[in-house]
Amino acid sequence: MANGEIRKVLVLGDRGLLGTELKRVLGRWFRVAGSDLPDCDIQSRKSVESVLDRVRPQAAINAAAYTDVDGCETRVALARRVNSEAPGTVARACRRRGIFPVQVSTDFIFSGRARRPYTEKSRPAPLNYYGLSKLEGEKAVRKSAPEHLIVRTSWLFGEGGKNFFETILAKAAVPGRLGVVSDQVGSPTWSRHLALGIARLLLAGASGTVNVTNTGWVSWYGYARYIVSRAGLPARIVPISSRELSRPARRPAFSALSPERYRSLTGQALPSWREAVREYLRTKKRDG
Ligand SMILES: NC(=O)c1ccc[n+]([C@@H]2O[C@H](COP(=O)([O-])OP(=O)(O)OC[C@H]3O[C@@H](n4cnc5c(N)ncnc54)[C@H](OP(=O)(O)O)[C@@H]3O)[C@@H](O)[C@H]2O)c1
């Protein structure tokens, strides 16, 4: 399908971190409709087909997922249904209607043993059930709809959902020491910039798999320190190891994604993660 023909976009999972921004940002170029639980459960083919037939978009972005990384370790069946199987259901229903499916995926499909950013051609090797379930979701989309877009992103922050940035802002408002892991490195990404990136890819008629993150990389510790210094908060951030934190799911040590393909498709990279942090703080201050 020529993506230039896109006039209306449906966002599935429109109340989540990314979905909230997609609805806001895509409206600059397209008519936008959204759906989320309980109106549309992507696990149900009927539910998906009914929203597609009601909205009749030219593109549908699946931003719905089971995103609790530690939760996926125990709720494996739910992770499989929502993250592995439902993307195939959505993509199939889209293909049958001539709708262009966009699936959102994650840096957690990688092992984290690399020393340079992962490209779209790097070999996935997930360390946890969340990453595995999302990787299976990518495969289901490729199999169900040969014409598709898979957008891989990482470490999202923004309005509309629980995330590390907001947790740090809340916890660091109180004086004292706050331990944050220093042995996991990735690219923090503002959901608003990601939404803008997805819009640009749609406008460029892109397809296949594309990494979309803010550029540069940092550890959670370095990221937390930057947030605290820019926001002027009193807590002191101290480095700890993943072992000390002892969470149920293993996480990749290094999961930055290369922006090269995105840059060549759209002509520009997204801003750096530092710029994104500063802009998000300015936006929060302005909007109260
Ligand atoms: N957050 C990150 O750091 C991150 C990093 C890399 C990639 N991603 C990917 O980016 C995408 C968006 O993530 P996000 O952070 O915006 O997630 P989110 O805030 O958890 O939002 C996901 C939305 O999907 C809904 N949902 C869950 N199960 C559903 C179902 N069966 N049917 C319909 N809707 C359902 C959720 O509703 P409830 O809240 O009611 O469950 C929620 O509104 C996901 O594909 C995720 O894997 C996220």
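Helices are DSSP runs of H or I with at least four residues, strands are E runs of at least two, and both are numbered from the N terminus. Residues are numbered from 1 along each chain as its sequence is written. This is a predicted model: local features need pLDDT of at least 70, side-chain atom pairs count only at pLDDT 80 or more, and totals for chains, interfaces and linings use all residues.

**Figure 1. Ser191 in helix H7.**
Ser191 is found in helix H7. A residue is buried if 20 or more other C-beta atoms lie within 10 Å of its own, exposed if 12 or fewer, and partly exposed in between, with C-beta atoms placed from the backbone. Ser191 counts as buried because 27 C-beta neighbours lie inside 10 Å. Two residues are in contact if their C-beta atoms, placed from the backbone, lie within 7 Å. Leaving aside neighbours within four places in sequence, Ser191 touches Leu17, Leu18, Glu21, Leu156, Phe157 and Gly158 by this contact rule. Ser191 and Tyr280 are 89 residues apart in sequence, yet their C-alpha atoms are 9.8 Å apart in space.

**Figure 2. Leu18 in helix H1.**
Leu18 has its place in helix H1. Leu18 counts as buried, with 28 C-beta neighbours inside 10 Å. Its contacts, leaving aside neighbours within four places in sequence, are Ala63, Val104, Leu156, Ser191, Leu194 and Ala195. Asp68 is 50 residues from Leu18 along the chain, and the two C-alpha atoms are separated by 15 Å.

**Figure 3. The shell around the ligand.**
The shell holds 26 residues, of which Gly13, Gly16, Leu17, Ala64 and Gly161 come nearest to the ligand. Helix H1 (17–26) and strand S4 (100–106) are the elements that give two or more residues to this shell. H1 supplies the largest share, three residues. A residue is near a molecule if its C-beta atom, placed from the backbone, lies within 6 Å of it. By residue type, the shell divides into 13 nonpolar, nine polar and four charged. Ala, Val, Leu, Ile, Met, Phe, Trp, Tyr, Cys and Pro count as nonpolar, Asp, Glu, Lys and Arg as charged, and the others, Gly among them, as polar.

Helix H11 spans residues 273–287. Its 15 residues reach 21 Å from first C-alpha to last, close to the 21 Å expected at 1.5 Å a residue. The expected span is 1.5 Å times one less than the number of residues. Trp273, Ala276, Val277 and Tyr280 of H11 are buried. Seen down the axis of H11, these buried residues fall within an arc of 100°, so they line one face of the helix. The arc is that of the directions from the helix axis to the C-beta atoms. Arg282, Lys285 and Arg286 are exposed on the other side of H11. The cover over the buried residues of H11 includes strand S6 (156–157), strand S9 (189–190), helix H7 (191–203), strand S11 (218–219) and helix H8 (220–231). Gly288 follows H11 and has a positive phi, near 75°.

Gln268 is found in the loop between H10 and H11. Gln268 counts as exposed, with 11 C-beta neighbours inside 10 Å. Gly197 is 71 residues from Gln268 in sequence and 9.7 Å from it in space, C-alpha to C-alpha.

Leu37 and Pro38 are joined by a cis peptide bond, with omega about 0°. Pro38 sits in the loop between strand S2 (31–35) and helix H2 (45–55). Arg56 is not a glycine, but its phi is positive, about 50°. Arg56 belongs to the loop between H2 and strand S3 (59–62). Arg56 is exposed, with 11 other C-beta atoms within 10 Å. Ser246 is not a glycine either, and has a positive phi of about 50°. Ser246 lies in the loop between helix H9 (242–245) and helix H10 (260–266). With 7 C-beta neighbours inside 10 Å, Ser246 counts as exposed.

**Figure 4. The protein chain as the setting for the close-ups.**
The protein chain has 11 helices and 12 strands. Of its 288 residues, 50% count as buried. Among contacts with a separation of 6 or more, 80% join residues 24 or more positions apart. The C-alpha trace spans about 55 × 40 × 35 Å along its principal axes.
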